[in-house]
Every structure is written in structure tokens, then in C-alpha cells.
Amino acid sequence: MSDIKTSPLATAISPVIMLPHEGVADKSEPGIALCLSGGGYRAMLFHLGTLWRLNEAGWLPKLDRISSVSGGSITAGVLALKWPALAFNSHGTAMTFQQEVVTPLRALASRTIDATAILGGVFGPGSVGDKVIGAYRQWLFGHATLQDLPDLPRFVFNATNVQSGALWRFMKPYMRDYRVGEVKNPRIELAVVVAASSAFPPVLSPVTLELDGKDFTPNSGLDLQFEPYTTQVVLSDGGVYDNLGLETAWKRYQTILVSDAGAKMAAEAEPKHDWARHSIRILDLIDNQVRSLRKRQVIDSYKNGLRKGAYWGIRTDITQYGLADHLLAYLAKPLEKTPPLAELPTRLARVDRSVQERLINWGYAVCDAALRAHIDTAIPRPKDFPYPDSKP
């Protein structure tokens, strides 16, 4: 009997496809990767709850890779930059997590930067992307670059190359697009990296990198290693190509944890008939179908043994994990309590502090349920929500 990892069944259920130069065999290795989806501030805060629970459980140092797109990249960027200051104890818990990670992200969530960036890009000098970069630089990252990040875990920030149609990945050792090629040890500012990864269209996209073609490793690109592909790289939100940030994790490691804060698409009783708004609605429908398919493929891959791991999402029914304890007692009817959180718009717009806390609590709770149900039943159950007075 053929190994499921190379069988037609494995190919059919895999949420990622092998590229032409990668062959067909599964070359995954032991290790744990965490994937953080997109979704603006909604995702940033939901994933903050995920990280909070992983930290309490002593799991952050167990991660080999953190792969992110869009709003997930904002959270991952702060965690990456602050990693050396997290003061892990013998249990693997970062004692300064709230101070170093939670505080700056919540402060950013109290500010609107997308509307300001759009107005500044339209009526002032510089592009909308430049304004978002400036905001990230001011409020989160300063002038830190990819070279200021830790070697382990490996942080991978994903964007979409609008020119090549391929994934553009940023990490400390290199940035690359398999068609355009690779630049080793890039000194790109973290603010630029996160802005590119979170440049969701149409309003915040694109972010353009001005590069020197001579910096590319010779013959490292498949078919587009020449100007202007190597000198002016036009990037959009990583979620355009890979809405869960899966590809760079799935192809490397055997245990994949997926935190999904993707928006719930609302019904529309009277869809618009003008070409612009009708086109946007149709594109949203296509995007929603792609996201739903990839989610199903991830879960089927777990069930069929292609990968180990767990998926949890902002729209998950937490009772399906089958855990009956005091943290979940409040969530007896989660599908009545959490839709308003999933329906928050994908924006970089101010979020009320009580809603921030509910999002963090919800990410914390559903991550906890997934971990204890599918990853490690010995993880002690949490005592309460991070913000007990702000239930999901």
C-alpha cells in the first residue's frame, strides 16, 4: 500500500500544492509550526489570545516556525521583535508576555491607521503603503529589520507578488519568490515587511520594494530573474495567495497548528447592480469559497494522517471539542455569542477596548480547547479568561 503522503488521496486533500521544482514527494520533517491568518485588527487581537494561551501552556518555545499573513503578521511581528525580552521560565512560559507583546498590540488597536493612510496617500506625498509603513514604524517596530529577529523560532511573513502571481516570503535568512529568486540576509525594515503582508486590497495595496537586482543570488529564480521583477517588486496582502499562511509551514513540518480569524461573509439581500460594487461582491464570493475549501482540506489532512495538528477559528463551535469544564461553561451557546466578533470588518480601525478583550478571550478559549482536545490532553485547564470581566 502506498504511503498516504505520496498517494493520490494525499494530493487531493492537501491544502497546498507542490511547485514544479519541488517534486511530488512529501518532504516534511518533525517539528511544529503555527499559522496565523489574516483579518486586520480582528485577526491581530484573536491571534493575540491564541499566543496568550500557548504561552501559558509553555508551548511558545516548542514552535519551530510561525508563518503569518496580513493581520496575523502584525501579531507575529511584535512577538518576533520582542522574543529576546520575553524571559522564559523553566516551564517555557514568557513572564513578560503581557508587557512586551500584549500592551503594544492593544495600544495599536486603539488607533485607526487605515483611513489616515488612505487620506494621506491620496492627498499628500507618498503612497497609502508608505503611510501604513510609517504607522507601523512609529507605533510598533521603529527601524528594526529582519536581521533583528531570532533564529528560532523562524518567523515567516508572507506577501503576494502581484507581478509573478507567486508567494513572496520574508524571513531572516532570505526573502524570495520561487520565480524571481532569492535575496540572502535581507535588511528590510520590519515595518515594511508587515505592511506588505497586510496590504489588503483594494485600499492598502500595493507596497512596492525598490531593490538592487545584483543582490539576488544568481540563478535562484525559475523564470523571472530579470528587471523589472528584480528591481521593483509589487506586493499585496499575503492572504491573496494563501489566506491561512499555510504553504511555508505545511511543506516543512509535520505538526501544523492553524489559528484562523477569517471574516464571516454576510448575506446580502439586495446586492448592488453597478459594475464596481457587483464585481467586489463576486470577488468576495470567490474568496470565501477558496477559504472554505482550504479549511476543509486542512481538517481532512489531519483526519487522514497527512499531518498532525489542530485547527481553530473565530467561527468555530467550541462545544465540538467535547471539553466540559468551567472555562467553557459560559460558552454553552457559542454560536449565539461569537458571530459579532467574526463579523467585525477587516480593517486597521480603532477597536473598542471591551471588544478588544472579547476578541482576545475568544482566541484564548478556542485555542485552549483545540490544544487540549487534539494536541496534549495533559495541558492543565486554564483558571479563567485573560479578561474575566469581558466574556466572548
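**Overview and interior**

Modeller: The secondary structure of the protein comes to 13 helices and 10 strands. Please bear in mind that this is a predicted model.

Colleague: What share of the residues counts as buried?

Modeller: Of the 392 residues of the protein, 56% are classed as buried. As for contacts between residues at least 6 apart in sequence, 75% of them join residues at least 24 apart.

Colleague: Which residues touch the most other members of the largest nonpolar core?

Modeller: They are Leu 79, Phe 97, Tyr 136, Phe 157, Trp 168, Phe 170 and Trp 312, in a core of 94 residues. Helix 13, spanning residues 353–375, gives the most to this core, with 11 residues. Apart from it lies another core of 14 residues, which includes Val 16, Leu 244, Ala 249 and Leu 306.

Colleague: Let us take Phe 97. With which residues is Phe 97 in contact, leaving aside its neighbours within four places in sequence?

Modeller: On that basis, Phe 97 is in contact with Leu 48, Leu 51, Trp 52, Asn 55, Leu 60, Leu 79, Leu 86 and Val 102. Phe 97 also belongs to a cluster in which ring pairs link it with Trp 52 and Tyr 387.

Colleague: Which charged end sits over the ring of Tyr 387?

Modeller: That of Arg 106, 4.9 Å from the ring centre. In another such arrangement, the charged end of Arg 111 sits over the ring of Trp 139, 3.4 Å from its centre.

Colleague: Staying with rings, how many aromatic pairs does the structure hold?

Modeller: The structure holds 7 aromatic pairs. One of them joins Trp 83 and Phe 88 in a tilted arrangement, 5.0 Å centre to centre with 50° between the planes.

Colleague: And why does Phe 88 count as partly exposed, while Trp 83 is buried?

Modeller: Trp 83 is buried because its relative accessible area is 12%, and buried means under 20%. Phe 88 has 29% relative accessibility, so it counts as partly exposed.

Colleague: How are the planes of Tyr 136 and Phe 141 arranged?

Modeller: Tyr 136 and Phe 141 form an edge-to-face pair, 6.3 Å centre to centre with 70° between the planes. Both Tyr 136 and Phe 141 are buried.

Colleague: Changing topic to cysteines: how many disulfides does the structure hold?

Modeller: The number of disulfides in the structure is 0. Cys 35 is buried, with a relative accessible area of 0%, and Cys 367 is likewise buried at 0%.

Colleague: Cys 367 interests me. What can you say about its contact with Thr 50?

Modeller: Thr 50 lies in helix 2, residues 40–56, and is buried with a relative accessible area of 0%. Leaving aside neighbours within four places in sequence, Thr 50 is in contact with Ser 259, Trp 312, Gly 363, Tyr 364 and Cys 367.

Colleague: How many bridges join strand 9 to strand 10?

Modeller: There are 6 bridges between strand 10 and strand 9, residues 253–260, and the two strands run parallel. In one of these pairings, Ile 256 has Gly 309 of strand 10 as its bridge partner.

Note on methods:
Residues are numbered from 1 along each chain as its sequence is written. This is a predicted model: local features need pLDDT of at least 70, side-chain atom pairs count only at pLDDT 80 or more; totals for chains, interfaces and linings use all residues. Side-chain values use heavy atoms; hydrogens and water are left out. A nonpolar core is a set of buried Ala, Val, Leu, Ile, Met, Phe, Trp, Tyr and Cys residues joined through side-chain atoms within 4.5 Å. Buried means under 20% relative accessible area, exposed over 50%, partly exposed in between (1.4 Å probe, protein chains only). Helices (H or I, at least four residues) and strands (E, at least two) are DSSP runs, numbered from the N terminus. Contact means heavy atoms within 4.5 Å. Rings of Phe, Tyr and Trp (its six-membered ring) pair if their centres lie within 6.5 Å; planes under 30 degrees apart count as stacked, over 60 as edge-to-face and the rest as tilted. A charge sits over a ring if NZ of Lys or CZ of Arg is within 6 Å of the ring centre and within 35 degrees of the ring normal. A disulfide is a pair of cysteine sulfur atoms within 2.5 Å. Two strands pair if DSSP finds at least two bridges between them.
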